[in-house]
Amino acid sequence: MFPTPVQKQSRAVQLGYQAFLPFALILWLLPLIAVMIFSIKPDVDFTSGNYWGWPSSFEGFNNYGKVFFESAMPRYLLNSVMITVPTVIGTVALACMTGFALGVYKFKGNLLIFFMFIAGNFVPFQILMVPVRDLTVDMGLYNTKTGLVLFHIAFQTGFATLFMRNFIRALPFPLIEAARVEGVAEWRIFFYVVLPLMKPAIAAMAVLIFTFIWNDYFWAVVLTQGPESQPVTAGITSFNAQYRAAYHLMSAGSIVAALPPVAMFFLMQKHFIAGLTLGAVK
Amino acid sequence: MTVSPVVPTTRYTPPPRGWYKRNEIAITPWLFLAPGVLFFLVYVIAPIYQSFGLSFYNWNGLGDVRTNGEYVGLQNYNKLFGLNGERADRNFQISLWNNLKWLVLYLLAIPAGLFIALFLNQTVRGIRIYKSLFFFPFVISQVVVGLVFSWFYLPNNGLFTIMTGWVGIEIRGGVLGNPTWATYGIIAAGLWPQTAYCMILYLTGLNAVDPEQVEAARLDGAKGPKMLWYVIIPQLKPATFIAFVVTIIGALRSFDLVSIMTGGGPFGSTRVLSYYVFEKSLSERGLQYGYAAAVAVILFLIMLVFISYFLWSMYQDEKGAR
């Protein structure tokens with residue numbers, strides 16, 4: 001193991017390491033700790049210039065209450081859910097199929113299609129912006145959640161295919177051959193042999209795409225406007241415009257907006273990291 | 001007397017198989033691919049071509065390009081680069097230059113991530129929680145990261161401003177209000193989650209480092225930086241490759257932070273290509289769709305250099321795997 005485990009070092013080094021860990025963590029998360037403290041501060045702390053000191057009173061319930069009951073925030077949150085969940089389902093479904101086709105079959109153009117998905121996944125969003133917006137307008141889906149969902153599914157399929165295909169590649173191929181010898185139809189092999197084995201990959205993709213889409217800001221701005229369809233990332237800017245310089249409310253709003261992916265990460269950490277570090281180990 | 005078994009006179013013929021059954025293995029992959037590929041062609045591949053086409057027009061975004069737009073050939077590109085008697089677009093140059101800063105400085109996330117990963121690659125009690133908390137910034141939306149950092153940088157009241165004040169440095173207008181420093185301030189905000197991402201890649205990589213090689217090297221007297229450079233880093237190559245890919249892409253996609261933190265200002269000094277495309281088309285100051293498309297094409301071509309390199313590396317791996 002590298003670096004040398006502290007257990008093999010002197011007692012002083014061990015204690016020093018243990019003591020330094022929480023200190024380093026606080027330093028690293030300082031921006032977040034700051035917003036958390038901001039969000040429980042009273043209004044008066046900001047007008048009196050007490051930005052970074054101790055809150056003069058605890059106003060957490062008040063601040064979060066305002067976010068939930070006196071702003072459009074719940075609306076934006078609901079929109080985010082209604083955009084994110086269908087995107088996750090759609091992408092995973094499509095990518096399981098494409099991944100299966102590219103991972104199991106040998107045919108001309110296999111690698112070409114695979115590389116098309118990868119390359120498309122790396123493209124800058126801005127080169128798609130105007131045509132995708134026009135297409136969405138033409139379909140009558142501008143400023144609807146459906147318009148956003150359709151685009152997200154298409155774009156995320158690139159990354160998800162890369163993941164699924166590599167995952168299926170690593171499955172034991174004799175399993176599929178055995179099923180073929182038994183005369184099992186190909187679509188049944190997909191449903192009854194491959195799909196059950198893909199559960200961990202599906203879980204990893206689902207949490208990752210959930211986070212990506214929940215945090216998307218650019219496409220939300222390009223394809224939607226107004227509280228009836230905007231997700232929370234875009235909503236927070238109008239929320240902030242409403243409460244300009246009310247830092248305690250803006251931070252409470254930001255924390256609410258950031259919470260769902262954070263919860264997702266902590267609940268499904270193993271899958272999340274498995275998805276992100278795909279290919280980091282050969 | 002023996003009775004010979006009755007031998008059927010007709011030979012067994014298998015039940016007739018349909019065309020699909022006979023070609024099942026050849027057809028199935030295409031059926032499975034069809035929906036995904038179709039979606040991808042419509043929403044990703046076709047728009048790239050359309051943007052290329054758009055960049056040869058003057059168009060204000062109303063109606064259809066071919067009827068309402070005016071074909072101008074390479075004029076948009078001439079304006080960008082100041083060719084053919086056009087004056088070069090100063091804002092484009094600023095964006096390009098800032099993109100270069102992003103690319104170079106963003107790469108700092110890779111050594112920084114490796115450093116934190118080495119620091120955390122221990123087995124003391126509670127280390128797993130530390131690892132996930134260090135990874136935390138990556139899970140949060142860039143919008144929130146941008147907001148938090150802009151409060152950090154507030155003139156007069158920002159924590160950063162107060163801290164630099166202690167050592168006697170004063171940045172006029174606050175970091176984000178100062179044309180010289182604003183871009184660096186935004187890049188620093190972006191480096192925070194990006195470093196966390198690189199860290200998690202390296203933690204995974206370090207987990208897979210061959211312990212026997214490390215022990216062997218240790219017996220040979222290698223330690224510290226030498227061990228890191230000659231034994232560990234070569235084994236981390238796949239992790240470094242992924243870290244490089246995601247960091248380059250992250251740097252060129254730097255839209256959210258710029259939009260949230262400065263909106264391109266002050267005086268347009270923090271524009272990057274991705275933001276400039278948006279500004280020239282969808283913002284109130286924009287409505288020059290053809291021109292914006294030309295900027296997008298340039299950004300795409302820059303990205304294409306990297307994409308080609310990534311694909312080439314992946315192709316080498318694929319060949320090795322066969």
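In which helix of chain B does B:Leu31 lie? In this predicted model, B:Leu31 belongs to helix 2 of chain B, which covers residues 24-54. The residue is also a member of a surface patch to which both chains contribute, described below.

**Interface of chain A and chain B**

The contact involves 104 residues from chain A and 104 residues from chain B. Between them the two chains bury about 9,500 Å², and 78% of this area is on carbon and sulfur atoms. On the side of chain A, A:Phe2, A:Trp28 and A:Phe122 together supply 10% of the area buried against chain B, more than any other three residues.

Polar contact is also present across the interface of chain A and chain B, where 16 residue pairs are found, both residues of each pair being at pLDDT 80 or more. Helix 6 of chain A, residues 110-122, gives the most to the side that touches chain B, with eleven residues. By residue class, that side of chain A divides into 74 nonpolar, 21 polar and nine charged residues.

**Salt bridges**

Side chains of opposite charge can pair when their charged atoms come close. Over all chains the count is six salt bridges, and between chain A and chain B the count is two. The table gives the pairs formed with B:Glu318.

| Residue of chain A | Residue of chain B | N to O distance |
|---|---|---|
| A:Arg165 | B:Glu318 | 3.0 Å |
| A:Arg169 | B:Glu318 | 3.7 Å |

The pair of A:Arg169 and B:Glu318 crosses between chains, with A:Arg169 in helix 8 of chain A (residues 145-169) and B:Glu318 in helix 16 of chain B (residues 289-321).

**Nonpolar surface patch**

A nonpolar patch on the surface is formed by A:Trp187, A:Phe191, A:Tyr192, B:Trp19, B:Tyr20 and B:Leu31, with about 700 Å² of accessible area together. Helix 10 of chain A provides the largest share, three residues. B:Leu31, by contrast, lies in helix 2 of chain B.

**Backbone features in loops**

Two points of backbone geometry may be noted, one in each chain. In chain B, the peptide bond from B:Gly265 to B:Pro266 is cis, with omega near -10°. B:Pro266 is located in the loop between helix 14 (256-261) and helix 15 (273-281) of chain B.

In chain A, A:Asn143 has phi near 60°, a positive value in a residue other than glycine. A:Asn143 lies in the loop that runs between helix 7 (126-138) and helix 8 of chain A. Helix 8 of chain A is also the element that holds A:Arg169, a partner of B:Glu318 across the chains.

Technical notes: Residues are numbered from 1 along each chain as its sequence is written. Chains are lettered from A and ligands numbered from 1 in the order in which they are written. This is a predicted model: local features need pLDDT of at least 70, side-chain atom pairs count only at pLDDT 80 or more; totals for chains, interfaces and linings use all residues. Side-chain values use heavy atoms; hydrogens and water are left out. Contact means heavy atoms within 4.5 Å. Buried area is the accessible area (1.4 Å probe) that two parts lose on being put together, summed over both. A salt bridge is a side-chain nitrogen of Lys or Arg within 4 Å of a carboxyl oxygen of Asp or Glu. A polar contact is a pair of N or O atoms within 3.5 Å; within protein, one must be able to donate a hydrogen and the other to accept it, and residues adjacent in sequence count only if both atoms are side-chain atoms. Helices (H or I, at least four residues) and strands (E, at least two) are DSSP runs, numbered from the N terminus. Ala, Val, Leu, Ile, Met, Phe, Trp, Tyr, Cys and Pro count as nonpolar, Asp, Glu, Lys and Arg as charged, and the others, Gly among them, as polar. Patches are made of residues with over 30% relative accessible area and no salt bridge: like charges are joined within 9 Å, nonpolar side chains (Val, Leu, Ile, Met, Phe, Trp, Tyr) within 5 Å. Accessible areas come from the Shrake-Rupley method with a 1.4 Å probe; for residues, only the protein chains shown count as cover.
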